[in-house]
Amino acid sequence: MTYTLPPLNAVRAFEAAARHLSFKLAAHELHVTPAAVGQQVKALEARLGVRLFERLHKQLILTAAGQAYLPGITDGFRRIAAATSQLKPAGAVLLQVGVHGSLDLRRLALAEFRSAHAEIGLRVLQPAGLHELVVGKVNLLIARGVGHHPGYRCDRVDEGSGPGDWLMAPEGTADCPEVASFREWLRALPAENALAKQRRPRLVGS
């Protein structure tokens with residue numbers, strides 16, 4: 001069976017904006033800008049041929065079409081999340097890594113990491129930010145431009161003096177074997193990744 005689906009990123013933006021009735025709050029949840037949420041919703045409306053929101057001054061209101069669309073979309077995402085939570089990656093220890101939305105996952109060579117560390121079940125959440133690390137949704141976070149944060153070990157992932165990417169872990173678990181293994185994996189990656197056509201990450205200090 002072939003499913004006729006709109007772009008799921010746009011549907012996700014609509015669902016978050018509809019729950020919050022705010023592009024700003026939806027953007028905070030999805031780790032993107034309010035403008036990006038607005039563009040995704042606008043593209044979805046164009047795709048569907050209906051208006052989902054009334055955009056008033058400092059107020060967002062669902063149209064009748066938006067109100068009718070939201071329950072099924074929310075239920076669909078809830079079912080996907082529930083089904084996903086039942087899946088357990090192979091490995092005796094589960095390591096959940098959050099990654100900011102603009103990082104190309106090919107840089108991390110995750111398939112090779114799983115092959116080299118069969119004892120670790122690796123799960124990746126993208127996009128993810130500091131909130132997901134603080135509330136325990138992820139054990140590790142690759143964040144953009146964070147630098148140092150109290151209570152967390154922060155290791156620079158890429159070379160340079162700009163904002164850069166940082167690997168963050170709570171100080172209490174930063175030296176756990178699975179966390180240390182992932183940190184060492186990043187440190188050992190070659191400088192060049194022919195697949196991604198960009199520099200692979202390299203830890204350069206903490």
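**Contacts and local geometry in a predicted model**

R19 and E15 both sit in helix α1, 4 residues apart, or about one turn of the helix. A helix here is a DSSP run of H or I with at least four residues, a strand is a run of E with at least two, and both are numbered from the N terminus.

Before I proceed, a word on the basis of these values. The model is predicted, so local features need a pLDDT of at least 70 and side-chain atom pairs count only at pLDDT 80 or more, while totals for chains, interfaces and linings use all residues. Residues are numbered from 1 along each chain as its sequence is written, and side-chain values use heavy atoms, with hydrogens and water left out.

I begin with the charged pairs. R19 forms a salt bridge with E15, and their closest N and O atoms are 2.7 Å apart. The term denotes a side-chain nitrogen of Lys or Arg within 4 Å of a carboxyl oxygen of Asp or Glu. How many salt bridges does the structure hold? There are 12 salt bridges in the structure. The two ends of the R19 and E15 pair may be taken in turn. E15 is buried because its relative accessible area is 7%, and R19 counts as partly exposed because its relative accessibility is 42%. Buried means under 20% relative accessible area, exposed means over 50%, and partly exposed lies in between, with a 1.4 Å probe and protein chains only.

The next pair is R55 with E45, a salt bridge whose closest N and O atoms are 3.0 Å apart. This pair links distant parts of the chain, since R55 belongs to strand β1 (residues 53-56) and E45 to helix α3 (residues 34-48), 10 residues apart. E45 is buried at a relative accessible area of 9%, and R55 is partly exposed at 35% relative accessibility.

A further salt bridge joins D155 and R153, with 3.0 Å between the closest N and O atoms. Salt bridges that share partners join R153, D155, D175 and R183 into one network.

I turn to the aromatic side chains. The structure holds 5 aromatic pairs. Rings of Phe, Tyr and Trp (its six-membered ring) pair if their centres lie within 6.5 Å, and planes under 30 degrees apart count as stacked, over 60 as edge-to-face and the rest as tilted. How do the rings of F113 and W185 meet, and which class does the pair fall into? Their centres are 5.6 Å apart and their planes stand at 75 degrees, so the pair is edge-to-face. F113 lies in helix α5 (residues 110-116) and W185 in helix α7, so this pair ties together parts that are 72 residues apart in sequence. Both F113 and W185 are buried. Elsewhere, F14, F23, F53 and Y69 form one aromatic cluster.

Next is the largest pocket, with a volume of about 1000 Å³. Of the 27 residues that line the largest pocket, R12, A81, L125, P127 and K137 are the closest to its centre. For the method, on a 1 Å grid over the protein atoms alone, a pocket is an open set of points where a 1.4 Å probe fits, with protein on both sides within 12 Å along at least five of seven lines, and lining residues have an atom within 4 Å of a point. At least two lining residues each come from α1, α2 (23-30), α4 (64-85), β4 (120-125) and α6 (130-134). Which element supplies the largest share of the lining? That element is α4, with 7 residues.

The peptide bond from Q126 to P127 is cis, with omega near 5 degrees, and P127 lies in the loop between β4 and α6.

Two residues with positive phi deserve attention. K58 is not a glycine, yet its phi is positive at about 60 degrees. K58 lies in the loop between β1 and β2 (59-62) and is exposed, with a relative accessible area of 79%. A109, also a residue other than glycine, has a phi near 50 degrees. A109 lies in the loop between β3 (93-99) and α5, and A109 is buried, at a relative accessible area of 7%.

P190 is partly exposed at 42% relative accessibility. From C-alpha to C-alpha, P190 and R107 are 10.0 Å apart in space, while 83 residues separate the two in sequence.

Terms used: Grid points are joined across faces, edges and corners, and a volume is the space filled by probe spheres set on the points.
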